[in-house]
Amino acid sequence: MEDYIIPRVEAQTSHQQFVQAAQPDTIMKKITHARRIYRKDETFESFFYPGVEVITTTTINDTQLNLLPWDEEWKIVREMKPDYHIPTDYSDYASQPLEERKENIEKCLEGSVWIQEQINNNEEVDTELI
């Protein structure tokens with residue numbers, strides 16, 4: 001099996017320059033950094049280069065994650081149209097009480113189903129969930 005490295009890059013000039021120079025097939029972006037690109041009225045292709053595959057992820061700092069409701073996440077996915085998306089992350093740490101972990105896993109699953117339904121009901125978005 002061939003190794004495949006996917007750089008996780010941020011919405012900053014040095015990362016933009018790296019991606020433009022290295023031109024990896026695929027990059028990963030935090031959903032919050034995708035939002036920064038969106039707020040600059042850019043697309044992933046205009047910010048990086050045409051044809052780059054993008055994975056967005058909600059695997060972000062918990063303090064930011066707690067401020068990202070599903071509808072805001074969907075708005076970013078709908079507007080930015082990443083190729084792939086890792087949806088509705090929730091904290092799950094061994095140090096958390098078991099019941100809290102179970103609730104968070106259930107919320108993650110419910111959120112993933114909800115995001116998939118939004119994608120299914122929008123003909124302009126063909127993002128695949130991971």
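User: In this predicted model, how many residues of strand β2 (residues 26-30) are buried?

Analyst: Four of the five residues of β2 are buried, so the strand is mostly covered, given that buried means under 20% relative accessible area. As a general idea, side chains in a regular strand alternate between the two faces of the sheet.

User: Which strands pair with β2, and how many bridges join each of them to β2?

Analyst: Strand β1 (residues 8-9) is joined to β2 by two bridges, and the two run parallel. Within this pairing, Arg8 stands opposite Met28 of β2. Strand β3 (residues 53-57) also runs parallel to β2, with five bridges between them. There, Ile27 has Val54 of β3 as its bridge partner.

User: What handedness does the unit made by β1, helix α1 and β2 have?

Analyst: The general idea is to view the unit with the strands pointing away and to follow the path from the first strand over the helix to the second; a clockwise path is right-handed. Here β1, α1 (residues 13-22) and β2 form a right-handed β-α-β unit.

User: Which residues of helix α5 (residues 70-80) are buried, and where do they lie around the axis?

Analyst: The buried residues of α5 are Glu73, Trp74, Ile76, Val77 and Met80. They lie on the same side of α5, because the arc they cover around the axis is only 160 degrees. These buried residues pack against α2 (31-39), α3 (44-47), β4 (84-86) and α6.

User: Where does Asn104 lie, and why does it count as buried?

Analyst: Asn104 belongs to helix α6 (residues 98-120). Its relative accessibility is 10%, so it falls under the 20% cut-off and counts as buried. Leaving aside residues up to four places away in sequence, Asn104 touches Tyr90, Ser91 and Gln96.

Conventions. Residues numbered from 1 in each chain as written. Predicted model: local features only at pLDDT ≥ 70, side-chain atom pairs only at ≥ 80, totals over all residues. Heavy atoms only, no water. Buried < 20%, exposed > 50% of the residue type's maximum accessible area, 1.4 Å probe, protein only. Contact = heavy atoms within 4.5 Å. Pairing = 2+ DSSP bridges. Arc of directions from axis to C-beta.
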